[in-house]
Amino acid sequence: MERKILLKNIAVPGIRTFEVFRSTGGYRSVEKALKAMSPDEVVEEVKKSGLRGRGGAGFPAGMKWGFIDKKSDKPRYLICNADESEPGTFKDRYLMEKIPHLLIEGMICSCYALGAKTGYIYVRGEYKYIIGILNEAIREAYANGFLGNNILGSSYSLDIHVHSGAGAYICGEETAMIESLEGKRGNPRIKPPFPAVVGLYGGPTVVNNVETLANIGFIVNNGGTEYARYGSGKSTGTKLISACGNINNPGVYEIELGLSVREFLFEPQYCGGIKNNKKLKAVIAGGSSVPILPANLILQTASGEERLFTYESLADGGFVSGTMLGSGGFIVYDEDACIVRNTWNLSRFYHHESCGQCSPCREGTGWMENVLHRIEHGQGRTKDIDLLVSIAAKIEGNTICPLGDAAAWPVASAIRHFRHEFEEHVLHPERCGH
Ligand SMILES: Cc1cc2nc3c(=O)[nH]c(=O)nc-3n(C[C@H](O)[C@H](O)[C@H](O)COP(=O)(O)O)c2cc1C
């Protein structure tokens, strides 16, 4: 039986309400932290847990918290990144919709650890109904003394506000999110300074993903060492995976890190195999921004090892034959899927969402979309394929924020692994439906 941390009580009727959540042991971590732990002790436990950010980059949460500038006299902030706009990723929505108090509980412990008296949840604008659910959970937390002045009679006070995004993927990037919260256009900032030193309104700020923060209650209750017993090696804990595409059981799953990708794809308690008994063609394992892998490489690394859901195993082989855990958006393509059409579609997304601040991204994403459009529509030229590789290489690493990389990698990896499909589209468009 798989061990769960986040979704353990998901099936308890009424778990969305404070009363039921509390009856399952909810908010105990807040009592423990405020009554028996110093803020630094909470940070220490998070460091011990090995928890890595679940928003995509996988940065160790405790280490990030340790960077907070304690010398600054400005107020500190915690921002929960609930923007979740990465194609294929829908796990934060599930968590917030089903068990919102898990996030609020984690945020209270995190704000306490960081010395923040204000926390924000920046929610993707399209998740309008989630905003209502979060506001209700926050109202209940205030009503029961877990938010507001002198929480549980302690000297610690905290307010949490929900802020709605306005439909821009770029506002999921942490510094763009800070700009947006300040009421400005969501353009990423140049780093350094990092938000932990100069963040929201100039104050030291930590931005963490919903799922990252939802783990904090467990870590405070049970200790970082216990958390690190979940998972495999340096990939500690569990991970929410949102699975979609040509599979029998799309949905959100909590897996223990270390599970084999093959088991996740084919076992009935997870994806349940490829729909209509088709063959597996490819998988994007961690949200649309990570490299796509063909069937053979997603199931096994190039050196013949079973591919596992760990940061290390998915990255094995670098960008030649590996990928990334990313945000956990697991998109599956069967043998009939057209990789060219899919790549063109993704390139439209990234071009549309580029904030336009950096020329390589602003211009390059548009060129990639144009070239992919003509290949997909039967007007491609052989040299277009290498032209795409060259544009992608010129975007990668040359922008203020990683949106440029996120736009380049899907194109570069699709051509790396499926060049024959691009060539077929150029040389025999009639065979590709044109
Ligand atoms: C274009 C872009 C979009 C992003 N969108 C999200 C998002 O929707 N949710 C998220 O948690 N992180 C997103 N990130 C990553 C954040 O910048 C940041 O690394 C993350 O919120 C840190 O939280 P974590 O350490 O808990 O993962 C995005 C990054 C980029 C470059």
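Author: Let's begin with strands: two strands pair if DSSP finds at least two bridges between them. Helices (H or I, at least four residues) and strands (E, at least two) are DSSP runs, numbered from the N terminus. This is a predicted model, where local features need pLDDT of at least 70, side-chain atom pairs count only at pLDDT 80 or more, and totals for chains, interfaces and linings use all residues. Residues are numbered from 1 along each chain as its sequence is written.

Reader: Okay, which residue is the bridge partner of Cys 244 in S11?
Author: That's Ile 331. Strand S7 and strand S11 (residues 329–334) run parallel, with four bridges between them.

Reader: In what sense do S7 and S8 pair?
Author: Antiparallel, over six bridges, with S8 covering residues 251–256. A five-residue hairpin joins S7 to S8, and Lys 239 sits opposite Ile 255 in S8.

Reader: Why is S7 largely enclosed by the rest of the structure?
Author: A residue is buried if 20 or more other C-beta atoms, placed from the backbone, lie within 10 Å of its own, exposed if 12 or fewer, and partly exposed in between. S7 (residues 238–245) has six of its eight residues buried, so it is largely enclosed.

Reader: How is the chain divided into domains?
Author: Domain bounds come from an automatic or database domain assignment. Here we get domain 1 (18–228), domain 2 (240–334) and domain 3 (339–432). The centres of domain 1 and domain 3, taken over C-alpha atoms, are 35 Å apart. Their contact takes ten residues from domain 1 and eight residues from domain 3, where contact means C-beta atoms, placed from the backbone, within 7 Å.

Reader: And which residues come nearest the ligand?
Author: A residue is near a molecule if its C-beta atom, placed from the backbone, lies within 6 Å of it. Of the 24 residues around the ligand, Gly 53, Gly 55, Gly 172, Asn 209 and Thr 212 come nearest. Domain 1 and domain 3 each give at least three residues to this shell. Strand S4 (205–209) and helix H19 (403–427) each supply at least two, and the largest share, three residues, is from S4.

Reader: How many residues are in the largest nonpolar core?
Author: A nonpolar core is a set of buried Ala, Val, Leu, Ile, Met, Phe, Trp, Tyr and Cys residues joined through C-beta atoms within 7 Å. The largest has 134 residues, and Ile 79, Cys 80, Leu 95 and Leu 103 have the most contacts inside it. H19 gives this core its largest share, twelve residues.

Conventions:
Contact = placed C-beta atoms within 7 Å.
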